[in-house]
Amino acid sequence: MLNHTNHLNIQSLTSTRVLIVDDDSDTTDLLRIILEPNDFEVTVANTGKQGVEMARTSVPDMMIVDLTMPDMDGLKVCREVRKFSSMPILILSAVSRPNVAEEVLDSGADDFLVKPMSSGVLIASLNRLARRARAEQHAQHSNGIA
């Protein structure tokens, strides 16, 4: 695909790189099984601290972060990542207490889904976040801000 300046748009030809941050390996395995056949390239961090470092060094296109982890919860992961990146962050959690969605969104997350959710809802949410991120990136390049 060629963009407006006749350069090949590599991003449109590659998978969306997703970093999953969750301390539960069963969850990360399940997410990998759901995402990889849907054109997502998955990497995994099993602690919040590792997730922040991998977000900084591997620069994924987006993150899926569990809300409750023992070393650093998803809210803190969001706040730390927001110090250096505006990549989309989706928080997943089995926690459905009052005001949790507000806390998650106020921490810098772009979306919040309560587990269990259907794989279709997860894929649709990630695709929406990816489209928005690409549109924002395109707008920045078009305005000479990149």
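Helices (H or I, at least four residues) and strands (E, at least two) are DSSP runs, numbered from the N terminus. Through shared partners, salt bridges join Arg82, Asp110, Arg132 and Glu136 into one network.

The model is predicted: local features need pLDDT of at least 70, side-chain atom pairs count only at pLDDT 80 or more, and totals for chains, interfaces and linings use all residues. Residues are numbered from 1 along each chain as its sequence is written, and side-chain values use heavy atoms, with hydrogens and water left out.

The count of salt bridges comes to 11. In general, side chains of opposite charge can pair when their charged atoms come close. One of these pairs is Asp66 with Lys115, where the closest N and O atoms are 3.2 Å apart. This pair links distant parts of the chain, since Asp66 belongs to strand 3 and Lys115 to the loop between strand 5 and helix 5 (119-142), 49 residues apart. Asp66 counts as buried because its relative accessibility is 6%, whereas Lys115, at 23%, counts as partly exposed. Another pair consists of Arg97 and Glu103, whose side chains meet at 2.7 Å, N to O. Arg97 has 39% relative accessibility and so counts as partly exposed; Glu103, at 32%, also counts as partly exposed.

Lys115 has a further feature: a cis peptide bond joins this residue to Pro116, with omega about -5°. Pro116 lies in the loop between strand 5 and helix 5. Most residues other than glycine have a negative phi, and most peptide bonds are trans. Asn99, which is not a glycine, has a positive phi of about 70° and lies in the loop between strand 4 and helix 4. At 49% relative accessibility, Asn99 counts as partly exposed.

The strands form an open sheet of 5 strands in the order 2-1-3-4-5, with parallel pairing; two strands pair if DSSP finds at least two bridges between them. Strand 2 (40-45) and strand 5 (111-114) stand at the edges with a single partner strand each, so one side of each is left without a neighbour in the sheet. Strand 4 and strand 5 pair in the parallel sense over 4 bridges, and Leu90 has Asp111 in strand 5 as its bridge partner.

Attention now turns to the interior. A nonpolar core is a set of buried Ala, Val, Leu, Ile, Met, Phe, Trp, Tyr and Cys residues joined through side-chain atoms within 4.5 Å. The largest such core has 21 residues, of which Met63, Val65, Val77, Val81, Ile89, Ile91 and Val104 touch the most other members. Two or more residues each come from strand 1 (16-21), helix 2 (48-58), strand 3 (62-66), helix 3 (74-82), strand 4 (89-93) and helix 4 (100-106). Helix 3 gives the largest share, 4 residues. Apart from this core lies another, of 18 residues, among them Ile20, Leu35, Leu90 and Leu122. Contact means heavy atoms within 4.5 Å. Not counting residues up to four places away in sequence, Ile89 touches Met63, Val65, Cys78, Val81, Arg82, Ala109, Asp110 and Asp111.

Helix 2 is followed by Val59, whose phi is positive, near 45°. Val59 is found in the loop between helix 2 and strand 3 and counts as partly exposed, at 48% relative accessibility.

Key
Buried < 20%, exposed > 50% of the residue type's maximum accessible area, 1.4 Å probe, protein only. Salt bridge = Lys/Arg side-chain N within 4 Å of Asp/Glu carboxyl O.
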